[in-house]
Amino acid sequence: MPTKITILNNGSIKIEGEIEVLDMNGDKFDLKGKTTIHLCRCGESAKKPFCDGAHKGCNFVSEVKAS
């Protein structure tokens with residue numbers, strides 16, 4: 001399955017497919033075989049870079065439309 005990235009309005013970045021996430025040192029995050037993850041956009045997640053739903057409590061607003 002090709003990787004699919006969806007920017008969710010007022011929420012996270014949803015990534016589906018074969019995924020590998022690395023930190024600045026090149027170390028891999030343990031995704032435990034997940035094929036769908038959500039990355040934080042609001043900056044409030046306690047699980048950065050992953051979303052924990054904190055955007056709901058901080059009133060994060062960002063609607064993105066493809067041009």
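Select the three strands, which form an open antiparallel sheet in the order E1-E2-E3. Strands here are DSSP runs of E with at least two residues, helices are runs of H or I with at least four, and both are numbered from the N terminus; two strands pair if DSSP finds at least two bridges between them. The edges are strand E1 (4-7) and strand E3 (36-39), each of which pairs on one side only.

The model is predicted: local features require pLDDT of at least 70 and side-chain atom pairs pLDDT 80 or more, whereas totals for chains, interfaces and linings use all residues. Residues are numbered from 1 along each chain as its sequence is written, and side-chain values use heavy atoms, without hydrogens and water.

Next, select strand E2 (residues 13-16) together with E3; the two pair in the antiparallel sense over four bridges. Isoleucine 15 has isoleucine 37 of E3 as its bridge partner, and lysine 14 stands opposite histidine 38 in E3.

Now show the side chains of E3. Ile37 and Leu39 belong to its covered face, Thr36 and His38 to its uncovered one.

Finally, display the whole protein chain. Its secondary structure consists of zero helices and three strands, giving the pattern β-β-β along the sequence. The C-alpha trace spans about 30 × 30 × 20 Å along its principal axes. Of the 67 residues, 25% are buried (under 20% relative accessible area, with a 1.4 Å probe and protein chains only; exposed is over 50%, and partly exposed lies in between).
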